[in-house]
Amino acid sequence: MNLAVILMEMAAFAALFTAIVLPTCRGDRKYSAAAIHNYPPDIQEEYFKTHERMEVSYRSKKVILTKGFGVCIFTVILTVCAKLAGAVNFRQGFGLAFGLMVWIGAYDTFFLDWVLFANLPMFRLEGTEHMDKAYHQKWFHVKGMLFPGLIFALIPAGIVGILIQFIIL
């Protein structure tokens, strides 16, 4: 597989991921169940003191639909990336896809969550603007990246591996 292509894919995937994620943090989308479930529990509790409570757990229908849509989008993107990088079998397709998912999990955690989410007012939920310390909870984001993040990464990686192995594109 071509390392230069993989490095370019990493940069492009981070840019695309940012372009997909940032608009969900603006306007009314920021107040959807699928967005609020990504906030630490103490921020959620403070927000729901003054706003109508909604189901924001991983088992809620809206969160499941959003995550399912994400798996589909990631699978398409990662399949294209695997083919462009020269993957020709399950192991290469799975490995590249999983590696890119780990990369995007790290990018999301260490840059989007720790830097942007923690410091930019656009991410603050109404009524939680005063909770600066809660928005800087690094361990909350690391835990989310590790579990369920790494488990979530196995799904599109497995599908990509199967597609690379059995489908000639």
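Glu45 and Arg53 form a salt bridge, with 3.1 Å between the closest N and O atoms. A salt bridge here is a side-chain nitrogen of Lys or Arg within 4 Å of a carboxyl oxygen of Asp or Glu. The model is predicted, so local features need pLDDT of at least 70 and side-chain atom pairs pLDDT 80 or more, while totals for chains, interfaces and linings use all residues. Residues are numbered from 1 along each chain as its sequence is written, and side-chain values use heavy atoms, without hydrogens and water.

The structure holds three salt bridges.

| Salt bridge | N to O distance |
|---|---|
| Glu45 with Arg53 | 3.1 Å |
| Lys49 with Glu46 | 3.3 Å |
| Arg124 with Asp132 | 3.0 Å |

Lys49 and Glu46 sit three residues apart in helix α3, about one helical turn. Helices are DSSP runs (H or I, at least four residues), numbered from the N terminus.

Arg124 is buried at 10% relative accessible area, whereas Asp132 is partly exposed at 42%. Lys49 is exposed at 63%. The cut-offs are under 20% for buried, over 50% for exposed and in between for partly exposed (1.4 Å probe, protein chains only).

Next, the largest pocket. Its lining counts 49 residues; Phe17, His37, Asn38, Lys67 and Asp108 lie nearest the centre. A pocket is an open set of points on a 1 Å grid over the protein atoms alone, where a 1.4 Å probe fits, with protein on both sides within 12 Å along at least five of seven lines; lining residues have an atom within 4 Å of a point. Helix α7 gives the largest share of this lining, 11 residues.

How values were computed
Helix = DSSP H or I, 4+ residues; strand = E, 2+ residues; numbered from the N terminus.
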